[in-house]
Amino acid sequence: MRRLFLATVLVIASATLVFATGEVEMSDEAWMPDRNVEWYCTSSPGGGSSIFTQTIIEIIKDEGLVDQELLINYKTDGGGAVGRREVSRKSTAGHTILTFNNGDLQPLVQIEGGDLDDFTPLAVMATDGQILLVPADSEFETAQDFIDTLQGGGRVIMGGSKGDDINLSNKIREEVGGDLEYLVSDSTGDALTQILGGSIEVVIAKPAASFELVSAGELRPLIAATRSRFGEPFDAPTFKELGFDIELNVYRGIVGPKEMPQEAVEFWSDVFGRVVKTERWQEGYLGRFLLTDAYLPWDEAIEYMQEFEDLYTASM
Amino acid sequence: MDTIQLLLGGFGTALSVNNFFAAAVGALLGILVGAMPGIGSLAGVALLLPLTFKFNPVTGMIMLSAVYYANMYGGSYSAILINIPGDTPAVMTGLDGHPLAQQGKPGKALFTSNIASFIGGTVGIIILTVIGPGLARFGLRFGPVEMAALLLVAMTSLGWLLGDSPTKGIVATLLGILMATMGFDAVLGTPRYDFGSIYLLGGVPFIPLVIGIFGFSQVIEMMELRNKPRDFDTDKLTLRDSMLSRDEFRRIIPPSLRSSLLGTFIGVLPGAGATTGAFLSYMQEKRLGRDGHLLGTGRVEGVAAAEAGNNSAAAGAFAPLLSLGIPGSGTGAVLLGGLLMYGLNPGPLLFQNQPEFTWGLIASLYVANIVTLGVAIMIIPWLIKILKVPVSVMIPVITTICVMGSYSANNSLYGIVMMLFFGVVGFFMKKYGYPIAPLLLAFVLGPTLEKNFRQALQISDGSLAIFLQRPISAVLVAFLLITVVSPIVRRAVGKNKTKTKGESV
């Protein structure tokens, strides 16, 4: 009985510890973290954002760039809305940061009624591009076949993930025309399953997610939605080459709360600037996931993200 | 022949001391994580992933696979003992498992759950070894049209779960569907029924819902009936009484095997996963089993069917992951992330390019399964002691578990608020005889059905005929019609018979 009581007390005590996150007072020496840093990630563990965040944290630890611990807080309530709002209101003097891609900016602007003024951009780390893929035996032998079908009023069933992929499909419908039906999947993986099973004819994917299937010759690249062509095995004409003004970049970035002190902003921007110079980042992350190195420090990141905000506001 | 040789080579890899140890640690961790409501296999694997980067890839993946696998064992423990499913598939296990525990036979339920999990896992892995890639290809043919048809079959079979009052069962089902529509529209991406709250933008959170409606509602119940003694003698809770009799063994083998086959197949399908596997296996047993109509009253067959279905589906989900690089479940997605971080690229070429690793992983699944069974059986004596704990101590302990579990699901207090709310809802549902299981299953299956159904209509440009044009879905629709129409016909015929009988007398 006594042991049970003790156990209960222990459980409750540890529960209290878990919940005791409390607000912490402001500190003057914010130019360097003096306690644990809470890094918010509003996507589930295991996804692209989580791998991005974990990689940066590991590099920071290995290189000894920050003395304090960096802890990831996965806050996925309300499709990420709750985590974003929480971070934007934090006044923790640079001890809270948030992984923030354009997939996060879009719902913030279009659904939650927020904008970039709620945050302090710290850095843009990398950009990614989208590409249209078709099965190896597709009737679209060339990019032109696809364009001709759509412009001839033909019906094409396309699939892909949420967010930016939906934007791209809308853009294609606007610029190229035709009867384009777009099936939204929860992830690129699900969309790839659909195309392998023959449910859809064309899929929007990022090179990293489809690398193996394209290398193995199951799928082949049709048209890239980037400024210039991808390298092998994703070498295919861009929409620009075909005469359409379709170019979409996807960025991966990091922001802090609205009220982050300038010293902290510069500190973090500098830390991330060192992360991108490591071999582990260049080879182990960018190389493996086929991303483009696009580091921008805080001041340039603000302008870069603002362009996306304008785009999202305009398309509402 | 090649396969066997490669597999033996794989065992050579898997059975090194390090890897065996990694599998054992993974199994133990997996059981613990699985038994904690709120931390499912997804979070368990995701949290352990960074840890395993310090190991070599084979050891790391073996450990993660063992965690994934052992989770399914652990998930059912809390469902059986305290009626809080540790993960979603365990909802089905609890249907018969918890009544067994209440009858003073928690050990038998746990034992059955372990044995059936083992059978399910073994059958799943064997199928994976022999025809994995082929099966994955077949699974691909289940596009939106086929999945919508399959889910319709599943949803209509909810009818067998409805319990005493069909009306109340239907009310519970519809309530589940209703709640599932909150949040983002799966096809258009626009918010629905969020009532202007950012918390509801993401819909009703699943884990707090489960913990509240099953777990916390019990706490309220216990408070109401606090002086009620247990229905059984707690001194009888010994290991010997937990062992299954020879007869019981014989009873659980056929349902376990049937469910394993079905479960493996369901696991291979894109986006179906272990919950659907457990659910359809249970339904199959209810229809095909000798004493199917008794399921739900505390039958070992029910526990066996649900657990075998769940574990075999977990094994089946590895087929698309390894042979196509496409995860069949959320946890699979995390494992895929892990593979990528190790520098391995699952895909059509994995078996050719990295045979040592792939077969090592498959062999390690066998090893992990056996190790997990050993660990799982050894902890039964400690587990059943939980039922000896007096109610006055259980109330604060379960409350703490509920609060921690629902908090850790999304790291937010909002989860706790939802949990408390659904606790009250669950309490009144039970009090007035509304079954909870249909509500939860409708909540889980509803959105998948909606999404696939709407996508199917997108493909066909709005024509329902597409469900009859595709062979797989046509078969499923035919099956659906038979199951829906046959009871009506039977009743009509039955009435006629009694009528003629009455007239002749």
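These are my notebook entries on a predicted model with chains A and B.

**Entry: domains of chain A**

I started with how chain A is divided. The assignment gives domain 1 as 34-128 + 250-314, and domain 2 as 131-247. I then looked up the spacing, and the C-alpha centres of domain 1 and domain 2 of chain A are 28 Å apart.

How many residues make the contact between them? I find 7 residues of domain 1 of chain A touching 6 residues of domain 2 of chain A. On the domain 1 side, helix H4 (residues 102-110) of chain A gives the largest share, 3 residues. I also sorted that side by class and got 3 nonpolar, 3 polar and 1 charged.

**Entry: strand E3 of chain A**

Next I went to strand E3 (residues 96-101) of chain A. Is it buried or exposed? I count 6 of its 6 residues as buried, so the strand is largely enclosed by the rest of the structure. I checked both faces: A:Thr96, A:Leu98 and A:Phe100 point one way, while A:Ile97, A:Thr99 and A:Asn101 point the other way, and all are buried.

Then I looked for the strands that pair with E3(A). Strand E1 (residues 37-41) of chain A runs parallel to E3(A) and is joined to it by 3 bridges. For a landmark there, I noted that A:Glu38 has A:Thr96 as its bridge partner. Strand E10 (residues 249-257) of chain A pairs with E3(A) too, this time antiparallel, over 4 bridges. Here A:Thr99 stands opposite A:Ile254. A reminder to myself: strands of a sheet pair through backbone hydrogen bonds, whether parallel or antiparallel.

**Entry: the five-stranded sheet of chain A**

I traced another sheet in chain A, an open one of 5 strands with mixed pairing, in the order E7-E6-E8-E5-E9. Which strands stand at the edges? They are strand E7 (179-184) and strand E9 (219-224) of chain A; each has a single partner strand, so one side of each lacks a neighbour in the sheet. From one strand to the next, I get an average twist of 30 degrees.

Inside the order, I looked at strand E5 (residues 131-135) and strand E8 (residues 202-205) of chain A, which are antiparallel over 3 bridges. One pair to click on is A:Leu133 with its bridge partner A:Val203. What packs on this sheet? Helix H8 (residues 207-215) of chain A does, touching E5, E8 and E9 of chain A. The direction of H8 makes about 140 degrees with that of E9(A).

**Entry: where chains A and B meet**

I turned to the contact between the chains, which takes 45 residues from chain A and 48 residues from chain B. On the chain B side, the elements giving two or more residues are helix H3 (41-52), helix H9 (198-201), helix H16 (330-341), helix H20 (391-410) and helix H22 (437-459). H20(B) has the largest share of that side, with 8 residues. By class, I get 33 nonpolar, 14 polar and 1 charged for the side of chain B that touches chain A.

**Entry: B:Gly273**

Why does B:Gly273 count as buried? I find 25 C-beta neighbours inside 10 Å, and the cut-off is 20 or more.

Definitions and conventions. Residues numbered from 1 in each chain as written. Chains lettered and ligands numbered in written order. Predicted model: local features only at pLDDT ≥ 70, side-chain atom pairs only at ≥ 80, totals over all residues. Domains from an automatic or database assignment. Contact = placed C-beta atoms within 7 Å. Nonpolar A, V, L, I, M, F, W, Y, C, P; charged D, E, K, R; others polar. Buried ≥ 20, exposed ≤ 12 C-beta atoms within 10 Å, placed from the backbone. Pairing = 2+ DSSP bridges. Axes fitted to C-alpha atoms, helices over the stretch in contact; angles between N-to-C directions.
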